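Please look over the sequence and the 3D structure below before reading on.

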Amino acid sequence: MDKPSAIPEAVLKQLAPIVQPEPVSLWPLAPGWWMLAALLLLIIGCVSYWLYQRAIQRRYRKQALQLLDNYWQQYQHQQNLTAFVAACNQLLKQVAMTAYGRSQVAGLTGDLWHQFLVSHQPNHPVQLPDGFFGIGQYQPQPTCPADKLKDFTYRWINHHV
């Protein structure tokens with residue numbers, strides 16, 4: 001049984017179609033979105049500046065590690081441990097003077113130099129023979145294995161504080 005329509009068909013045809021509202025445009029952006037965009041740009045700028053400054057501050061470490069690799073390759077070809085020990089000592093001194101200043105490092109020799117190196121690598125201690133950078137490095141045949149000295153030098157350059 002069909003329900004009788006309350007509104008006659010002729011009256012319904014006279015009605016205008018329903019007008020849909022225009023979709024809300026995303027442009028121009030609301031002030032909150034502009035502030036969010038400005039905040040994101042500020043954060044990106046600050047992070048970029050921080051990364052740039054960090055790269056500049058760490059550049060000497062990267063250069064020193066390249067030198068260490070060169071010294072290691074020379075050692076592997078020539079097997080001259082005395083020259084390798086002297087090169088590592090000189091490299092460590094250069095890195096320390098760059099990081100801590102000439103006045104604090106240049107005068108350190110012997111046991112004071114060895115203690116300085118050990119005390120400035122607290123997180124990754126690699127043990128060298130006691131006094132190695134004191135008298136031990138000047139022995140005709142250094143007692144420290146070359147790979148251990150390379151590991152110490154590499155870790156000290158990377159992790160000194």
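The questions and answers that follow go through some features of this model.

This is a predicted model, in which local features need pLDDT of at least 70 and side-chain atom pairs count only at pLDDT 80 or more, while totals for chains, interfaces and linings use all residues. Residues are numbered from 1 along each chain as its sequence is written, and side-chain values use heavy atoms, with hydrogens and water left out.

Q: At what angle do α2 and α6 pack?
A: Two packed helices are described by the angle between their axes and the distance between the axes. Helices here are DSSP runs of H or I with at least four residues, numbered from the N terminus, and axes are lines fitted to C-alpha atoms over the stretch in contact, with angles from 0 to 180 degrees between N-to-C directions. Angles over 145 degrees count as roughly antiparallel, and α2 and α6 are therefore described in that way. Their axes are 9 Å apart, and the angle is about 170 degrees.

Q: Which residues of α6 make the contact with α2?
A: Contact means heavy atoms within 4.5 Å. On the α2 side, the contact is made by R58, R61, A64, L65, L68, D69, W72 and Y75. On the α6 side, the residues are A146, D147, K150, T153, Y154, I157, N158 and H159.

Q: Is Q79 buried or exposed?
A: Q79 lies in the loop between α2 and α3 (81–100), and this residue has a positive phi of about 55 degrees although it is not a glycine. Buried means under 20% relative accessible area, exposed over 50%, and partly exposed in between, using a 1.4 Å probe and protein chains only. At a relative accessible area of 53%, Q79 is therefore exposed.

How values were computed:
Helices (H or I, at least four residues) and strands (E, at least two) are DSSP runs, numbered from the N terminus. Angles under 35 degrees count as roughly parallel, over 145 as roughly antiparallel, 65 to 115 as roughly perpendicular and the rest as oblique.
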